[in-house]
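I am opening my notebook on a new model today.

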Amino acid sequence: MKMQVFTVENIPLIKEGDDIASIICENTTIEDNDIVVIASTIVAKAEGRMFRLEDIIPGEKALTIASKHDLDARFVQAVLDRSKEVLVDYPIFLVETHNGHVCIKAGIDESNVDTGHLADLPSDPDESTARIGSAIEQITGKNISAILTDTNGRAFKIGQTGIAIGVYNIHPVKNWKGQKDLFGNILEITEEAIADEIAGAANLLMGEGDGGYPVVIIRGLELRSEESSIQEMYRSDREDIIKKGLRCLSKV
């Protein structure tokens with residue numbers, strides 16, 4: 001088995017209204033079963049999901065949280081506006097967004113955007129990913145998958161990694177339950193977060209600074225599957241013991 005991972009070169013600085021699918025297809029050759037991995041920042045720019053702090057008026061809750069962090073209260077209000085629940089407000093500002101993604105500061109991006117502006121995550125990452133992925137298929141006539149990525153920290157380790165926040169034609173989790181290991185033992189609990197693994201591999205080439213490689217192609221994996229959603233990755237409130245623990249701590 002062999003997997004190829006390579007960047008799409010010559011992606012221009014994206015602006016509102018740009019056709020990301022066409023730009024990708026103009027700058028690389030797409031093959032059947034390719035996985036097109038796209039950084040969420042360029043999707044935010046193309047969708048016009050940019051905003052300015054000067055347009056925001058903070059409320060009392062934002063002012064309180066901002067004072068704990070020495071943050072701009074307008075920025076805190078922007079995070080609250082995009083959050084379904086604040087899980088921890090100090091010493092980190094951890095929230096659950098309206099689509100179920102748990103992240104620091106609602107994933108609002110201050111890097112690789114014009115001065116004075118901030119970038120939102122897409123309001124419906126699966127829909128955004130599907131729109132780009134299906135357009136690539138229409139342009140090329142190839143059957144592909146797509147993953148939309150962001151960078152997240154980990155609870156128990158230092159450093160950030162690329163993670164999937166939206167998928168198209170690829171199940172984000174592969175269930176190995178019922179299959180046998182090398183010694184014939186039946187696997188009972190193994191579920192592999194393949195979309196996050198692919199996002200992490202792509203992030204190695206995308207980089208975190210001024211590398212300018214927001215699109216990566218993964219080739220050689222047979223993972224295409226229709227009717228998929230990033231929601232398959234998220235534990236329900238009933239199953240998520242971490243959220244339950246954080247809620248208990250917030251009441252102490």
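My entries follow, with the ground rules written down at the start.

I note that this is a predicted model, in which local features need pLDDT of at least 70 and side-chain atom pairs count only at pLDDT 80 or more, while totals for chains, interfaces and linings use all residues. Residues are numbered from 1 along each chain as its sequence is written, and side-chain values use heavy atoms, with hydrogens and water left out.

**The sheet.** I looked up the strands (DSSP runs of E, at least two residues, just as helices are runs of H or I of at least four, both numbered from the N terminus). Five of them form an open sheet in the order β1-β12-β2-β8-β9, with mixed pairing, where two strands pair if DSSP finds at least two bridges between them. At the edges I found β1 (4–7) and β9 (157–168), each of which pairs on one side only.

**Inside the sheet.** Strands β2 (residues 35–39) and β8 (residues 145–154) are parallel and share five bridges, and I traced V37 to its bridge partner I147 in β8.

**Residue S40.** I placed S40 in helix α2 (residues 40–46). Is S40 buried or exposed? S40 counts as buried because its relative accessibility is 3%, and buried means under 20% relative accessible area, exposed over 50%, and partly exposed in between (1.4 Å probe, protein chains only). Leaving aside residues up to four places away in sequence, S40 touches L121, P122, L148, T149, D150 and I165, where contact means heavy atoms within 4.5 Å.

**Helix α4.** I found seven of the nine residues of α4 (residues 73–81) buried, so this helix is largely enclosed by the rest of the structure. Among the buried residues are F75, V76 and L80.
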